[in-house]
Amino acid sequence: MTDDSVIDAAGLLADPTRRRLYRYVTEQGEAGRAEAADALGIRRTLAAFHLDRLAEAGLLAVELRKVSGREGPGSGRPAKLYRRADREFGLHLPPRDYASAAHLLAEAVERSGAEEALYAAAREEGARRAAERGADAPRTREELAEVLRGCGYEPAAEGGRGALRLRNCPFHSLAAAHPPLACGMNLELLRALVAGYGTGFTARMAPRSGEGCCVEIVPDSAADSKNNED
Amino acid sequence: MRIDIEAGGVLCLGAMSAFHLAQINLGLLKAPLDDPAMAEFTAAFAPINALADASPGFVWRYTDEGRDDATLTRPFGPDLLINFSVWRDLESLWDFSYRTDHLDLLRRRREWFDHLDGVRLVMWWIPAGTVPTLGEAGERMELLRAQGPTAEAFTFRTPFGPPAAAPDPAAPGART
């Protein structure tokens with residue numbers, strides 16, 4: 001189940017520079033060599049070397065694209081743009097296969113029409129996690145973002161609305177196979193978690209085309225005037 | 001999100017496909033539509049239908065005579081609400097179903113719909129420009145029930161690409 005290419009890929013990230021580059025690219029969504037080098041304060045050739053190693057291992061995907069707006073000699077050469085690869089890497093030692101179990105359980109919930117039971121369980125789990133932090137609960141949007149980052153949601157502050165977009169879906173493959181079920185479970189989990197912290201934020205469904213989580217975190221005040229911004 | 005569609009690359013990538021995707025799905029109503037328990041669902045009809053109509057890749061949806069929704073026609077049972085539409089391809093139907101506010105209705109479906117055993121959704125390819133009939137939809141559901149997913153009747157779980165060759169409009173029996 002865990003083949004050596006996964007271990008090799010994880011091994012590559014043991015290098016601090018590579019790990020910073022990987023994180024930078026995933027945070028940006030897409031990045032070129034020059035901007036990654038500038039952001040990390042390293043030489044471009046070094047950034048290029050490490051980025052290509054990450055791409056060879058399958059952690060990053062590469063696209064050659066002409067950067068628009070450039071004229072004159074040299075503008076014809078397309079730039080290498082890096083983004084996180086679609087492939088999922090899972091490393092469990094000893095080997096475990098929770099993904100297959102999750103898919104089977106989701107299938108069973110749908111076949112038996114037990115969605116509401118799953119949502120209820122997710123609500124209770126969210127409330128339990130919120131209570132677990134007790135006095136350590138996040139107080140600001142930044143602290144809330146930090147907690148959600150720790151859960152793998154990759155939150156990003158958004159514009160003037162004071163909202164948080166969640167750029168990663170921690171349940172991605174499950175959500176692709178059982179969208180309403182997995183997204184509903186995720187919403188209940190986040191809603192109970194965020195409400196439980198009492199930070200003044202609400203989780204709500206706001207799917208958009210493309211990648212990312214279908215839930216967004218908005219200030220309670222914005223949640224009252226729902227769905228007006230589309 | 002990634003839908004793996006077998007073959008059909010030449011036809012469906014970028015170029016206008018000669019085929020469109022028809023889908024029908026059924027919902028087993030928990031209560032009559034005028035019951036107060038269904039109010040939030042019925043209130044969503046107009047905005048969600050408008051959202052569908054404006055979605056990229058939307059081609060057609062079945063509506064009752066003189067209405068903008070399909071709440072009256074119940075060909076498959078008195079409590080079985082139908083949702084019958086045509087889309088440019090699998091991706092556009094997926095994006096509307098799961099990457100718009102429509103997802104929120106699906107998430108809440110157990111508030112309004114009872115669990116339905118067996119086939120409740122089927123998709124199939126139709127020549128672009130043709131309009132599928134309810135009879136055809138019933139046949140496709142029967143096909144899926146009898147044979148499981150095939151290129152003639154399938155679901156998102158086991159999708160099939162459009163037929164490889166465009167239908168010859170001059171061929172005998174070809175529909176226009």
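How many residues does helix α2 of chain A have, and how far does α2(A) reach from its first C-alpha to its last? Select residues 16-28 of chain A: the helix has 13 residues and reaches 18 Å, close to the 18 Å expected at 1.5 Å a residue. The expected span is 1.5 Å times one less than the number of residues. Helices (H or I, at least four residues) and strands (E, at least two) are DSSP runs, numbered from the N terminus.

The model is predicted: local features need pLDDT of at least 70 and side-chain atom pairs count only at pLDDT 80 or more, while totals for chains, interfaces and linings use all residues. Residues are numbered from 1 along each chain as its sequence is written, and chains are lettered from A and ligands numbered from 1 in the order in which they are written.

**Helix α2 of chain A**

Within this helix, next select A:Leu21, A:Tyr22 and A:Val25, the buried residues of α2(A). They cover an arc of only 100° around the axis, which puts them on the same side of α2(A); the arc is that of the directions from the helix axis to the C-beta atoms. An α-helix has 3.6 residues a turn, so residues three or four places apart point the same way. A residue is buried if 20 or more other C-beta atoms lie within 10 Å of its own, exposed if 12 or fewer, and partly exposed in between, with C-beta atoms placed from the backbone.

Display β1 (31-32), α3 (33-40), α4 (44-56), β2 (60-65) and β3 (79-84) of chain A, against which the buried residues of α2(A) pack. Contact between two residues requires C-beta atoms, placed from the backbone, within 7 Å. On the face turned away from the buried side, the exposed residues A:Pro16 and A:Arg23 can be selected. Just after the helix, A:Gly29 takes a positive phi of about 90°.

**The four-stranded sheet of chain A**

Move to the open sheet of four strands, ordered β4-β5-β7-β6 in chain A with antiparallel pairing. Two strands pair if DSSP finds at least two bridges between them. Strands β4 (155-158) and β6 (201-205) of chain A stand at the edges, each with a single partner strand, so one side of each is left without a neighbour in the sheet. From one strand to the next, the twist averages 25°.

Select β5 (residues 163-166) and β7 (residues 215-219) of chain A, an antiparallel pair joined over two bridges. A:Arg165 has A:Glu216 in β7(A) as its bridge partner.

Axes are lines fitted to C-alpha atoms, for helices over the stretch in contact, and angles run from 0 to 180 degrees between N-to-C directions.

**Where chain A touches chain B**

Show both chains: the contact takes 16 residues from chain A and 14 residues from chain B. On the side of chain A, α6 (115-133) and α9 are the elements that give two or more residues, and α9(A) provides the largest share, five residues.

**Chain B**

Finally, select chain B, which has six helices and five strands. Of its 176 residues, 24% count as buried. In helix α6 (residues 134-147) of chain B, select B:Glu139, which counts as partly exposed because it has 15 C-beta neighbours inside 10 Å.
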